[in-house]
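Me: Help me learn to read a protein model, one feature at a time. Let's begin with how helices pass each other.

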Amino acid sequence: MRLDDYIRRGVLFRSALCLAAVVCAVQAADGPAPSAWNDGCSLQSLHNADSLIQSFKSKAKNLGKDGKLRILIIGDSLSDGGYHWSHYFRKNLQDAYGMGGFGTIVAGWGKGGAAGWLWDDKKDFACEAAGVWRDSFGGQGDAWPYLGWNGRFVCTDSPAAEWKLEAPGSRFTVVYSMGAFKRFTGTWQETRCAGFAAALDADARKIEPAAADQTLDMGLLKFEAPDGKHTLKINAIHDGTFFFHGVLAENSAPGVVLYNISHGGWWAHDFILRQPGWEKILTEMNPDYTIIFLSKPESGGTGSPTQTNRNLEFELLTQRVKAALPQTQLLFFQNWSPRDGISRPDLQTCKDRIAWFEANHYPYLDLYAGLNSAKMKELGWYADNIHLAQPGGKGIGDGISRLFLP
């Protein structure tokens with residue numbers, strides 16, 4: 001054999017080894033990870049949604065110079081609690097289509113820094129509160145202001161209280177309560193919303209306290225600045241109690257913004273009955289797509305005693321969202337099965353809800369049929385009988401994301 005044959009054969013052999021290594025690496029990367037999705041993917045669980053997915057991908061690929069694709073999630077603890085799927089959903093979409101902004105920054109996070117694992121206080125944003133703040137006023141009776149995007153807020157009547165946010169962005173909207181109302185603290189007490197000072201860097205504003213007869217409503221204080229790192233401060237509380245809900249934050253750069261207003265423990269009727277200023281918040285968020293994922297079964301509790309429609313609250317919530325956001329496209333989620341099995345009444349509600357989706361031709365993702373609860377348990381996806389541990393949040397979040405990725 002000639003020397004050049006040896007050389008050629010050696011080169012071919014090394015090339016074959018390199019090719020084999022690449023193939024193995026690709027197979028390892030693309031090989032199916034352990035999953036609780038039936039058939040290995042979420043696509044089989046999606047119904048009536050071809051048009052929605054097509055419009056989503058078309059819009060996401062053509063956002064333009066400063067365009068946004070806004071998504072709103074209305075849900076409960078399965079979308080709000082620790083290691084929820086929505087964190088991975090948001091991150092995957094923003095990695096693919098651009099970071100359009102932080103969306104909802106909840107006021108209560110300012111009491112202990114950023115929201116832990118959900119946001120990084122060094123890479124993303126940091127918020128802190130000084131002085132005396134109280135959580136949500138919920139301990140003072142059932143006549144407190146059910147306002148904000150999901151009822152979660154903080155309040156103070158201390159002139160020394162301050163809330164500070166350091167975050168990149170270009171548009172910051174402070175959400176607060178304004179007006180006057182009665183609350184029950186053993187006796188009925190008149191309460192009016194305080195005035196306060198707010199500043200984004202050097203742009204300082206002053207809000208006057210409510211008049212005694214002013215109707216309770218939402219307040220939106222808007223700041224705009226060039227893209228970059230900014231400091232927002234709220235302080236100088238005076239003449240009343242300041243009810244602070246949080247900040248809506250967006251960048252000027254194109255990308256996805258996820259507004260998550262899910263609230264642990266909430267049912268559809270909480271969003272129907274307890275949010276007099278809710279439409280103003282929905283309009284301000286202005287989502288292109290709205291995901292409704294409320295997992296608790298309801299039995300027509302807001303109707304008459306003879307009401308047997310178990311979807312009544314769901315239907316009323318949908319009507320309210322559509323009235324406030326006629327341009328948004330709705331996508332419903334049907335919940336996965338509890339770890340230890342679903343009760344007969346809950347299963348019936350599941351069937352009723354899917355029948356309602358189908359009757360109205362609503363797009364929906366059937367997580368009950370799409371996920372194998374036994375496999376979820378085996379893989380450690382459950383934190384308890386229904387909520388997710390970190391692997392479950394990632395497994396479900398990644399699976400849902402794939403429906404929307406390029």
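Reply: Start with the axes: they are lines fitted to C-alpha atoms, for helices over the stretch in contact, and angles run from 0 to 180 degrees between N-to-C directions. Helices (H or I, at least four residues) and strands (E, at least two) are DSSP runs, numbered from the N terminus. Here, the axes of α6 and helix α7 (residues 312-324) come within 9 Å, and they cross at roughly 55°.

Me: Before we go on, where do these values come from?
Reply: This is a predicted model, where local features need pLDDT of at least 70 and side-chain atom pairs count only at pLDDT 80 or more, while totals for chains, interfaces and linings use all residues. Residues are numbered from 1 along each chain as its sequence is written, and side-chain values use heavy atoms, with hydrogens and water left out.

Me: Okay, so how are α6 and α7 placed relative to each other?
Reply: Angles under 35 degrees count as roughly parallel, over 145 as roughly antiparallel, 65 to 115 as roughly perpendicular, and the rest as oblique. α6 and α7 are therefore oblique to each other. The crossing of α6 past α7 is right-handed; that word applies if the near helix is turned clockwise from the far one by less than a right angle, and left-handed if anticlockwise.

Me: Which residues make the contact between α6 and α7?
Reply: Contact means heavy atoms within 4.5 Å. On the α6 side you'll find W278, E279, L282 and T283; α7 brings L317, R320, V321 and A324. Sorted by type, that's five nonpolar, one polar and two charged residues. Nonpolar covers Ala, Val, Leu, Ile, Met, Phe, Trp, Tyr, Cys and Pro, charged covers Asp, Glu, Lys and Arg, and the others, Gly among them, count as polar.

Me: Let me try another pair: at what angle do α4 and α11 cross?
Reply: Roughly 45°, with the axes of helix α4 (residues 85-97) and helix α11 (residues 390-402) coming within 7 Å. That makes α4 and α11 oblique to each other, and α4 passes α11 in a right-handed crossing. Residues in the contact include W85, Y88 and F89 of α4, plus G393, I396 and I400 of α11. The contact of α4 with α11 splits into six nonpolar, five polar and two charged residues.

Me: Now charges. How many salt bridges does the structure hold?
Reply: Look for a side-chain nitrogen of Lys or Arg within 4 Å of a carboxyl oxygen of Asp or Glu. The structure holds 17 of these salt bridges. One of them joins R171 and E284, whose closest N and O atoms are 2.5 Å apart. R171 sits in strand β7 (residues 162-178) and E284 in helix α6 (residues 278-285), so the pair ties together parts that are 113 residues apart in sequence.

Me: Is E284 buried or exposed?
Reply: Buried means under 20% relative accessible area, exposed over 50%, and partly exposed in between (1.4 Å probe, protein chains only). E284 is buried, at 12%, while R171 is partly exposed, at 22%.

Me: What about E378 and K375?
Reply: Their side chains meet in a salt bridge, 3.4 Å from N to O. E378 and K375 lie in helix α10 (residues 373-378), three residues apart, about one turn of the helix. E378 is exposed at 59%, and K375 is partly exposed at 29%. Elsewhere, salt bridges that share partners join R70, R171, K222, E250 and E284 into one network.

Me: And the whole chain: how many helices and strands?
Reply: The protein chain has 11 helices and 17 strands. Of its 406 residues, 48% are buried.
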